[in-house]
Amino acid sequence: MIGERNRIITIANQKGGVGKTTTAINLATALAAIGERVLIVDLDPQGNASTGLGIERRNRKLSSYDILTGTHTILETVLETAVPNLFIVPSTMDLLGVEMEIAQQPDRVFRLRRALSGSDALAFSYILVDCPPSFNLLTMNAMAAAHSVLVPLQCEFFALEGLSQLLETVDQVRRTVNSSLDIQGIVLTMFDSRNNLAQQVVNDVRTHLGEKVYHTLIPRNVRVSEAPSYGKPAILYDLKCAGSQAYLQLASEVIQRERQRKAAA
Ligand code: ADP
Ligand code: MG
């Protein structure tokens, strides 16, 4: 059984470019800003979350690869970021090979869960796992380790189709490796109010998924897309921009839902 002393949230969508990493970085920063101790685990070989938080490649001696192969602990791999209260286990290209390396191991899906069950993970009240854009062994490790899945969904025509695939995968994970896996919520990203189709997608997603969809809409915002090239979360790069404000609002929704969940438990 996974402990409930912290909240482990996997940020997943099998599509690339939908805002997973941007959501991981900015939600984590917003949670850290209100005093939560937050850890991001970068599970994407691309390492965009690590780069976006200003962790240079030459400083990534140990990474999530070493967690999955079981040679190192969270405490040994974790790095500070420029954001107070925000820490990261970075990713390196080694992750590309990890699937081959552990594929034959009976516990291959539970490597991350085991690492996050250790006492050093309890130093963080929120752990956000940034997933690669596919349903591979890395994403399975993330889903097996998490309390819940947070799904960024880009406001575009094929959004719902991809979402039903994802929800099926979550069901499958529940039946096989993590019966208590919850849907944390669905966040609509890169919303463009001038685009009629985007509004239609918002309506459709809300009709199908109701309260699971956050009220906060993340707007398409150029400042948000510029921030990673400065190695900063948008919230540090330009706090006042609409994108940063939306991520702050999302964080308060996440916190509010956590309070309600705990009160109901
Ligand atoms: P994923 O991790 O799902 O592949 P990213 O978070 O990396 O997606 O986002 C894909 C691209 O879109 C990146 O270049 C990112 O900077 C940009 N992007 C993400 N969210 C926004 C936004 N709200 N407004 C503008 N650009 C965004
Ligand atoms: Mg990404």
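Start by selecting the buried residues of α8 in this predicted model: what covers them includes α7 (137–145), β6 (148–154), β7 (182–191) and α9 (196–209). The buried residues themselves are A159, L166, V170 and V173. Look down the axis of α8 and you will see them fall within an arc of 60°, so they line one face of the helix.

Now turn to the face pointing away from that buried side. Here α8 carries the exposed residues E161, S164, E168, D171, R175 and T176. Helix α8 covers residues 159–176, and at 1.5 Å a residue its 18 residues should span 26 Å; the end C-alpha atoms are 26 Å apart, so the two agree.

Next, select helix α1 (residues 20–33) together with helix α12 (residues 242–264). They pack at an angle of about 70°, and their axes are 9 Å apart. The two helices are therefore roughly perpendicular to each other, and their crossing is right-handed. To display the contact, pick N26, L27, A30 and L31 on α1, then Y247, L248, L250, A251 and V254 on α12.

Last stop: I40, in strand β2 (residues 38–42). Is I40 buried or exposed? It counts as buried, because I40 has 30 C-beta neighbours inside 10 Å, where 20 or more are needed. Setting aside neighbours within four places in sequence, show the residues in contact with I40: A24, A28, A49, I88, L128 and D130. To finish, draw a distance from I40 to A246, which lies 206 residues away along the chain; their C-alpha atoms are separated by 20 Å.

Notes:
Residues numbered from 1 in each chain as written. Chains lettered and ligands numbered in written order. Predicted model: local features only at pLDDT ≥ 70, side-chain atom pairs only at ≥ 80, totals over all residues. Helix = DSSP H or I, 4+ residues; strand = E, 2+ residues; numbered from the N terminus. Expected span 1.5 Å × (residues − 1). Buried ≥ 20, exposed ≤ 12 C-beta atoms within 10 Å, placed from the backbone. Arc of directions from axis to C-beta. Contact = placed C-beta atoms within 7 Å. Axes fitted to C-alpha atoms, helices over the stretch in contact; angles between N-to-C directions. Parallel < 35°, antiparallel > 145°, perpendicular 65-115°, else oblique. Left-handed = near helix turned anticlockwise from the far one by under 90°.
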